[in-house]
Amino acid sequence: MTALSALWSFVIVVGLLTMTPGMDTALILRTAALGETRRAWGVVLGIQTGTLAWGALTSAGVTALLTASHLAYEVLRWAGACYLIWMGLSMLWATRHRRPDKSDPSINEPVTAGNDFYPGWRRGALTNLLNPKMGVFYVALLPQFIPSGASPFAFGVFLACVHILLGTAWSAVLVVLARRLRTVLRRPTARRLLDRVTGTVITGFGIRLASSSH
């Protein structure tokens, strides 16, 4: 396999996976739909920071230790599951205390509170880094696209950066789409529904992670 053919094969596989709806998609759409654009981009770049870390660790052979060590995998799995379940249930719980008042002034006012970049980045990074499935995914995927004669670390990190570019581009589409629908989605009823859907999706991922085996 040449470097060019390996690259294009990787782009096709990862591109399709990137566009498949999942937890990251729900989190980005929910944050951007509420008008928290800076925070949404924080989430996006936090997720991509995690992707870069997993790619670098995999290329260096570190994540192979994670897949080989049952204890390390289990600790990370349960930490990630608890974090996701806590995040999802927090969103669901918040909807129980939000009044369905059609005169909610936040609909027509610019969002400033909770629109900081760093909290979004932290949430995106933790969501990605505490998911051991990402490490297992990269351990299984990256070696298949590293051509013979290439440096495993350099080419692996390069492929991770390609993954980041694809993920960032798709996330930009999601942010723009959510902003187009912001007026509708920031209505109290729509916001409660959005939070319930997102909270359910994230809680479901957490439960699935907790119940999955190595």
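What follows takes the terms one by one.

Guide: This is a predicted model, where local features need pLDDT of at least 70, side-chain atom pairs count only at pLDDT 80 or more, and totals for chains, interfaces and linings use all residues. Residues are numbered from 1 along each chain as its sequence is written, and side-chain values use heavy atoms, with hydrogens and water left out.

Visitor: How many helices and strands are there in the protein?

Guide: The protein has 10 helices and zero strands, counted as DSSP runs (helices H or I, at least four residues; strands E, at least two) numbered from the N terminus.

Visitor: Why are α3 and α7 called oblique to each other?

Guide: Helix α3 (residues 37-59) and helix α7 (residues 132-141) pack at about 45°, with axes 9 Å apart. Angles under 35 degrees count as roughly parallel, over 145 as roughly antiparallel, 65 to 115 as roughly perpendicular and the rest as oblique; α3 and α7 are therefore oblique.

Visitor: Which residues of α3 and α7 make the contact?

Guide: Thr51, Trp54, Gly55 and Thr58 of α3 meet Pro132, Met134, Gly135, Tyr138 and Val139 of α7, contact meaning heavy atoms within 4.5 Å.

Visitor: What makes Cys82 partly exposed?

Guide: Buried means under 20% relative accessible area, exposed over 50%, partly exposed in between (1.4 Å probe, protein chains only). Cys82 has 48% relative accessibility, so Cys82 counts as partly exposed. Cys161, at 33%, is partly exposed too.

Visitor: How many disulfides does a search of the whole structure find?

Guide: The search finds zero disulfides, a disulfide being a pair of cysteine sulfur atoms within 2.5 Å.

Methods:
Axes fitted to C-alpha atoms, helices over the stretch in contact; angles between N-to-C directions.
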